[in-house]
Amino acid sequence: MKAVVFIGRGLREYIDMFNLDPLELEGMRILDCAAGVSSFRSEMHDRGFNVTALDPLYRRTPDEIKKMACESFRRYSANHRDFLRDLKVDGKPVEDYRRVVFSRFLDDYKRNPSWYIAGELPDLPFEDGEFDLVVSANFLFLYEDLLDYSFHAESVREMLRIGKEVRIFPVYNIHRRKRSVHLKPLMDEFNDYDMEIRKVKYHEETGCNEMLIIK
C-alpha cells in the first residue's frame, strides 16, 4: 500500500506504545505484525526474547528495502520538517534516531532472515495459537480511509486466531486524529472477548495515546 510510510520505531517506542513490561514478556512468543523497518525484533532478540516480525515488505531484498525506506523517509521528513525540528526520541533528534533504528533493522534482516516472515493481514502464515502476544503498530485504524471495516474485522479475527492476546496502537485515524470510525463497531462485534482501551505514554502530548487490547 503506497500510502503507508516506512518509518521504523525502536524498542523504547514499542514499550511506550504497547505498555510493555519486559519482566512480563519472559518466555513469551511475540509477533510484530506489520513490523516494517522497526528494530523491535532486533533489540528484543539481543535481550533474549523470542520475537518474530511479519510484513509484506520482507518479500524484498535488503537493497530494495533500503531504497524504499530511504525514499519514504525523505518524503516524510520534507512534509513534516517543522514538526520534526525539535522532536527527540531517547535523547536523540528524531531523524538521527530513525536512522539508527533503520540501520539496526537492516543489519538484523540480513543476519537473521528466518525471523522476518513475508505476509500480510488478514491472512497470516501461522498455526492457531502460535504466539502469546501479537502487537500491531501504526497500521490498523490509522489508515481507515484506505482499509474498510471488513478488513479490520478480518484482521483482528486472524490475529486472535494465532495469538492469545492482541495489542493495537493507535486507535486513531491518521488525518483527523480522532478515534477511528471502525473502533466501536469492531468492539461490538468482538464483545465476547476481554477488551480494553488503555492510555499509554506514546504520543501523550498529542492526546492520540490510546491502545486497544483484546484477549
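Colleague: In α1, which residues are buried?

Modeller: This is a predicted model, where local features need pLDDT of at least 70 and side-chain atom pairs count only at pLDDT 80 or more, while totals for chains, interfaces and linings use all residues. Residues are numbered from 1 along each chain as its sequence is written, and side-chain values use heavy atoms, leaving out hydrogens and water. Buried means under 20% relative accessible area, exposed over 50%, partly exposed in between (1.4 Å probe, protein chains only). In α1, the buried residues are L11, E13, Y14, I15, D16, M17 and F18.

Colleague: How many of the residues of helix α1 are buried?

Modeller: Helices (H or I, at least four residues) and strands (E, at least two) are DSSP runs, numbered from the N terminus. Helix α1 covers residues 11-18 and is mostly covered. Of its eight residues, the buried ones number seven.

Colleague: Why is strand β2 largely enclosed by the rest of the structure?

Modeller: Strand β2 spans residues 50-54, which makes five residues. It is largely enclosed because the buried ones among them number four.

Colleague: Which residue in β2 does C33 stand opposite?

Modeller: Two strands pair if DSSP finds at least two bridges between them. Strand β1 (residues 29-33) and β2 pair in the parallel sense over five bridges. C33 is buried, with a relative accessible area of 0%. In β2, the residue opposite C33 is L54.

Colleague: Which residue in β5 does A53 stand opposite?

Modeller: Strand β5 (residues 116-117) runs parallel to β2, joined by two bridges. Opposite A53 stands Y116.
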